[in-house]
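Reader: Before we turn to the details, I would like to go through the terms used for this model and ask what each one rests on.

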Amino acid sequence: MASQQNGFSIDKSSEWAELSRLSSAIDETSIRALFEADPDRAAAMAIEAAGFYVDYSKHLVTGEVLDQLVALADRADVVGQREAMFDGAVLNTTEGRQVLHTALRRPAAEAVIVDGEDVVPEVHRVLDQMAVFAHQVRSGSWLGSTGKPITSIVNIGIGGSDLGPAMAYHALRPFSQRNLEFRFVSNIDPTALSEALIGLDPETTMFIVVSKTFGTVETLTNAATARAWLAAALGQPAVAKHFVAVSTNKQRVAEFGIDTDNMFGFWDWVGGRYSVGSAVGLSLMLAIGNDGFRDFLAGMHDMDQHFRTAPLAQNLPVVLGLLSIWYTNFGNAQTHAVLPYSDHLARFPAYLQQLDMESNGKGVDKGGRTVSYATGPVVWGEPATNGQHAFYQLIHQGTHRIPADFIGFMRPTGETSDPLWSHHLRNHHDLLMANFFAQTEALAFGQSHDDPQRQFTGDRPTTTILADQLTPRTLGALIALYEHKVFTMGAIWGINSFDQFGVELGKVLATAIGQEITDADRPLAHDQSTNVLLDRYRNQRL
């Protein structure tokens, strides 16, 4: 199959041209007409795998469109690129790295060879190290410097070192050990750390500093201030009993004052936004325990296996990726909504923003050529009925076409042995799910009305993603579903989904500007607007 690196551009393919033709024809039909023409549409456009039932029948697609999208995936050699990823090829070509987050959830009996060595035993060594530490903290046998057990854990990271653990902890709180309190700090805004420390007792607080290089400015600044807070109360030697690190830089960890025996490693072939299944998820393991964390990894592996073995037309991540390609490139859709009907998944849209937009927010292909077609859409969303009373108006009656994923669960996740409370919990959940099903129906089929203000055109595409219950295994599979969806889209677009140079320029400029802020005599050499703003800030800062 053709490769963008060899000068081929996917938008010059015959499959792309045929999809362009079909997109014009699809504008002449409706979702209602598509259902009326095919009484088996709902059954035909559904896939069940890895604990999910996914219905994509409420999309503006025909069987012919789907066949052509699969042909486009074949032309882009999605299967070959998928196998290269699982086998440890250097897919992140700009940084010369393998893309092996899937190795984090491989069973111990399997092997993944990187540079002639099997990395799976080392993955499981770190998992076992994490398990020992988690047991010590959760059982109360890990004691702080004054002999008291740890009751509060503060995770300090940024990007994938925060979004993954914070999202997953919030999602799985019903499975967490409730006598342990977890807080997450990422923003360099001083109020973020100060708010996180309010009410904490230094004697019973532990900090997890997550930074691959142990040089991330925001993370290290927050960590240094947290260290000062602890040392002011307990003395500098206490740092060794109240700080642990997730990093690959042993020297910097030691220089910070953390005992390197309490350092948990990960690898260059794990990208930050794909790293929650590594030691980056240490706070999650502390919350849900080793068994819960292993179930989380098992769910990821379930989806990995499905993605690797299912035919493209029956492959959940591939089909979701192809639908996104359809709307992004042939339907003039610029955004994609993710709408979880679970309050525990409140942080999931934010997590997907990084996963999708940092991965596929690229304007050049793997060969360095500017692409002539749209790539990554803007991903956004909020949970459940909150969104219905906020932005659903735009989705229903606005001028933009916004494909949306609805994520729901058959059973609520709750902790109660009280029959009366269980009854109320079920009533709440039934009402929640009534809204869940109603919204996809209303978006697809709309409503005729004599008053144009009350007219709903319908034809607003949605995917329904259903699982039995939100558990560690379900969450793991859900994350992997979107990881592989993002991979599929990037593979078709011919872009490198695994670098993120777009985050670097602002950081480089910020370093220089930071020096200018603290040295009021330093001349400013920026554009006119930035000079005026900086001068104003320098003259009025505390």
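**Contacts, burial and salt bridges**

Author: Let us start with Tyr482, which in this predicted model touches Val338, Phe348, Leu352, Leu355, Asp405, Ile407 and Ile465, with residues up to four places away in sequence not counted.

Reader: Which residues touch the most other members of the largest nonpolar core?

Author: Tyr482 is one of them, together with Trp269, Trp326, Phe348 and Leu475, in a core of 121 residues. Helix α18 (residues 472-493) supplies the largest share of this core, namely 13 residues. A second, separate core has 22 residues, among them Ile156, Ala245, Phe256 and Met263.

Reader: Why is Thr102 called buried?

Author: The relative accessible area of Thr102 is 1%, and the term applies under 20%, so Thr102 counts as buried. Thr102 lies in the loop between α5 (78-87) and β3 (113-114), and, leaving aside neighbours within four places in sequence, Thr102 is in contact with Met85, Phe86, Asp304 and His484.

Reader: What makes the pair Arg21 and Glu64 a salt bridge?

Author: The side chains of Arg21 and Glu64 meet at 3.6 Å, N to O, and the rule asks for a nitrogen of Lys or Arg within 4 Å of a carboxyl oxygen of Asp or Glu, so the pair qualifies. Because Arg21 belongs to helix α1 (residues 14-26) and Glu64 to helix α4 (residues 63-75), the pair ties together parts that are 43 residues apart in sequence.

Reader: What of Asp519 and Arg522, whose closest N and O atoms are 3.8 Å apart?

Author: That value also lies within 4 Å, so Asp519 and Arg522 form a salt bridge by the rule. By this rule the count comes to 22 salt bridges, and Arg82, Glu83, Asp87 and Arg308 are linked in a network of them.

How values were computed: Residues numbered from 1 in each chain as written. Predicted model: local features only at pLDDT ≥ 70, side-chain atom pairs only at ≥ 80, totals over all residues. Heavy atoms only, no water. Core = buried A, V, L, I, M, F, W, Y, C linked by side-chain atoms within 4.5 Å. Buried < 20%, exposed > 50% of the residue type's maximum accessible area, 1.4 Å probe, protein only. Helix = DSSP H or I, 4+ residues; strand = E, 2+ residues; numbered from the N terminus. Contact = heavy atoms within 4.5 Å.
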